[in-house]
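Here is a friendly walk through some helix packing and a pocket. Have your viewer ready and follow along.

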Amino acid sequence: MNGPTPGVPGLERRAERGQVRRKGVGVPTSGWFDPRGRALGSFAFAVNRVTGLGLIFYLYLHLGVLSMLLMGEDAWNDFVELATNVVFLALDVLLIFGLLYHGLNGLRVALVGTNVAADRHVALWWAFGAIGTIVLLYSALHIFGSA
């Protein structure tokens, strides 16, 4: 095999002169964290992945917190006192952001993927972002208003 293998992206760039990190197959490691030149879909995808991982982390954390019920009423009351702290309430707002973003972006991806609104993906992102922001602000006011 003397030439680049067809179908593998990035192999034709190995013969070029330049920085070593740009000669590998695929996106360079530093490219994952560089937002310049990216489309809105790349940003939406990255944030969707991060919120998904955060929701999985929260699921296990929630199960761990619920296991405190087995330790008795005193342990649970101590936790409730800690959880009503302003820092923990801010984390609840962050959780609601993750739920809203992941859910609304998933709905956007489903609408685009089923060809219901394939040519409107950017408008859907902004519309769902506006809806999510309104719901998030209402939720934050409700959470901090009841503290």
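## About the model

This is a predicted model, in which local features need pLDDT of at least 70 and side-chain atom pairs count only at pLDDT 80 or more, while totals for chains, interfaces and linings use all residues. Residues are numbered from 1 along each chain as its sequence is written, and side-chain values use heavy atoms, with hydrogens and water left out.

## Helix α1 against α3

Let us begin with helix α1 (residues 40-66) and helix α3 (residues 86-113), whose axes come within 9 Å and cross at roughly 130°. Helices here are DSSP runs (H or I, at least four residues; strands are E, at least two), numbered from the N terminus. Axes are lines fitted to C-alpha atoms, for helices over the stretch in contact, with angles from 0 to 180 degrees between N-to-C directions. α1 and α3 are therefore oblique to each other; angles under 35 degrees count as roughly parallel, over 145 as roughly antiparallel, 65 to 115 as roughly perpendicular and the rest as oblique.

On the α1 side, the contact (heavy atoms within 4.5 Å) includes Phe43, Ala44, Val47 and Tyr58, while α3 contributes residues including Leu95, Phe97, His102 and Arg108. By class, this contact of α1 with α3 has nine nonpolar, six polar and one charged residues. Ala, Val, Leu, Ile, Met, Phe, Trp, Tyr, Cys and Pro count as nonpolar, Asp, Glu, Lys and Arg as charged, and the others, Gly among them, as polar.

## Helix α4 and its partners

Helix α4 (residues 121-145) and α1 have axes that come within 10 Å and cross at roughly 45°. That makes α1 oblique to α4. Here Leu40, Phe43 and Ala44 of α1 meet Val122, Trp125 and Trp126 of α4, and the contact has six nonpolar, no polar and no charged residues.

The axes of α3 and α4 come within 9 Å, crossing at roughly 155°. That makes α3 roughly antiparallel to α4. Their contact divides into 20 nonpolar, four polar and two charged residues.

## The largest pocket

Where are the residues nearest the centre of the largest pocket? Of its 21 lining residues, Tyr58, Leu61, Leu91, Asp92 and Leu95 lie nearest the centre. A pocket is an open set of points on a 1 Å grid over the protein atoms alone, where a 1.4 Å probe fits, with protein on both sides within 12 Å along at least five of seven lines; lining residues have an atom within 4 Å of a point.

α1, α2 (73-83) and α3 each supply at least two lining residues, and the largest share, nine residues, comes from α1. By class, the lining has 15 nonpolar, five polar and one charged residues.
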